[in-house]
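My notes follow in the order I checked them.

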Amino acid sequence: MSKYALLLAVAAMAQDARQIVEESQKRHRSNSQRYEGVLQVFNPNGKNSEKRWQFSRVGNYGESKALLRFIAPPEVKGVALLIVNHTDRASDQWMWLPELQRDRRVALQDRSTRFFGTDFSYEDLEERDVEQSDFKMLGEETAEGQACWKIESTPRKTRASQYGRVVMWIRKDIYFPVRYEMYVKDQVVRRLHYRKIEKTQGVWSALELNMEDLRRKGRTVLKTEKLQYNVPVKEEMFTLQALRRGE
Amino acid sequence: MRWLLFFSLIAHAEQRGFVDVRTTLFPQTAPSDSGRVIGDALLRYEVRQRLTPWLKVDGAIDARTDSHRQYEREFRIDWQDRGVQRPAISLRRFSVTAHKGRVTFEAGRQFIRWGKADILNPLDRFAPRDFLNVIDNDFLGVLAARLTVEKGAHTVDLVLQPRFTPSRTPLLNQRWVVLPRDLKFAVSQGAARIPGGVQSGARWNYLGRGFEMALAFYEGHNHLPVVDGRLLPGLRVELFNRFPTMRMYGGAGAVPLPWFTVKGESAFFKTSDRGADDYVLYVVQLERTVKEWTFVGGYAGEHVIERRVQLDFAPDRGLARAFVGRASLAVDAARTLAFETAVRQNGAGAWLKSEYTQQLSKHWQARASITVIRGKQDDFLGQYRRNSHAILALRYGF
């Protein structure tokens, strides 16, 4: 009897974890998003470099499309990445290289690579859709000074991932994630902190993301500027032709 | 007034460009070229003006000078870029793009790339190159109208090129043209016979769930020349380039597999010209990224169906029947290291290039490369064995 109770309790906790993540995604939904990102890349030797990109997204979790285009420094200006997210599988990604005047598909097995020298990998730029992972409640913990749920997600087979599991901390008061830890085997390889959490146009947003690559001992800070939600964005801006046109 | 209008137009435009100053050092002289050091400078300025949400203009201009008389000294804007020498000032791109829904139309001088592979692109028929330096070459824009219709996973591209742009071939009196040592007559370079008429092509591209594929057709002239000659009085021969007719049927595909991505590209070329070949070019390559390394390696092959050509300049075929590879390492956000190689399957020619790039500051970048070429005189790569070189370059980007 106690075995069944334990199983039921585990099932209930798993359900809770999934519900919390679903609720978190539901609460922070927006039909579109646009911002200008400032990326500061800090190498292990302390030197830093700065890159800027413009980011646009249309659609919601799992079915969204995003376009990211570098606007500085000069050597990467015009380089762009188109991400088409799917609910049932990993995203499709294409890179536009203006020097070559060509687009290039980013293969699934290459998504663990660092994105343009930053500490984000290509995979980190995808959305993490609820349907592609299993969730487990690990407990409650204080993170970034806030009471949080600590939840573990493991990718289902439909989603190929470099990470064996991801542990996330979600604020209990506003259902907003504040920290992610990404694991390869039993080792934390990347840690992402969400900082400067504020409401923009009624949507809770982190205006600063801090990604640490613990193997390389580098970190990248992404600051979002000119953030806007629910701006009029057309679907046709998120195609390969739009990538080529430089939308 | 005109300048005022120009500056007010570009004031709100997207702009980018660079100034690149480069020194090329050749340890060996060549029979037709005793120069060992070449200095050259390039200013490239690109501008994009969005006139309405659906209409934009792209422009790019190159201004160059060099110490080796490979570039013209005349101060004029060459909008065609079809001369024997590289123009001092050339219009690299000037096109108008309009789009509505699934349809994009671009007209003017532009770049059109159809290939999917990285080491050789038989499908790139609208992509002539400037081969003044055969190893370090650059694409030339073409004057064309391009209509693209994208519907779901399908894209259809239709291209009309009313004015032919040939690839620029190396200059006869410089090291990238290797003439036989025992020539009994003087050779001079005549004006190229550039064909008139329209080049046209169509491509269908499909993005599948786990693959991509494309089929392409081209009707027009080869942008790489057959070399003909005519006898002049006094034991002199004038060589000139002419561009044979060409019809191409081609296809390309890319399939990401669990360990690497396989890419293939192949085309059958047929001609009605009695001095040019019918042949097939193909390339199969594997690519993989491991941590900060990217590897591309494969084989470029050729099958000649009917051989008729006596003398030509065809780097695409010259690179065929070879194993080709590229490896690059992103050391960090500011430094990259890259290696490229091609080795002919019969061992008659080989080429290895290594390049190091470092971002010095937000605007400044330094580049150093070493290219080693080895092989036999009768091989396309091997003939350039005295042209191994090192390049030091400094670039200011804006």
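**Strand pairing around S5(B)**

I began with strand S4 of chain B, residues 77-78, which pairs with S5(B) in the parallel sense over 2 bridges. I note that this is a predicted model.

Next I took S5(B) against strand S3 of chain B. S3 covers residues 55-66 and S5 covers residues 89-100. I find 9 bridges here, and the sense is antiparallel. Within this pairing I picked Ala60(B), which stands opposite Arg93(B) in S5(B).

Then I turned to strand S6 of chain B, residues 103-110. S6(B) runs antiparallel to S5(B), and 7 bridges join them. Ala98(B) has Phe105(B) in S6(B) as its bridge partner. How many residues lie between the strands in the hairpin of S5(B) and S6(B)? I find 2. In this hairpin, Gly101(B) takes a positive phi near 55°.

**Nonpolar cores**

I moved on to the largest nonpolar core, which has 40 residues. Which of them touch the most other members? I list Ile112(B), Ile119(B), Ala300(B) and Leu319(B). Several strands of chain B each supply at least two residues, among them S9 (142-151), S13 (212-221), S16 (245-256) and S17 (261-270). S19 (293-306) and S20 (322-330) of chain B are also on that list. S18(B) gives the most, with 4 residues.

**Chain A against chain B**

Last, I checked the contact between the chains. On chain A, 25 residues are in contact with 31 residues of chain B. Which elements of chain A each supply at least two residues to the side that touches chain B? I note strand S6 (102-105) and helix H2 (240-245) of chain A. H2(A) gives the most to that side, with 3 residues. I sorted the side of chain A that touches chain B by class: 6 nonpolar, 11 polar and 8 charged residues.

Methods
Residues numbered from 1 in each chain as written. Chains lettered and ligands numbered in written order. Predicted model: local features only at pLDDT ≥ 70, side-chain atom pairs only at ≥ 80, totals over all residues. Core = buried A, V, L, I, M, F, W, Y, C linked by C-beta atoms within 7 Å. Buried ≥ 20, exposed ≤ 12 C-beta atoms within 10 Å, placed from the backbone. Pairing = 2+ DSSP bridges. Contact = placed C-beta atoms within 7 Å. Nonpolar A, V, L, I, M, F, W, Y, C, P; charged D, E, K, R; others polar.
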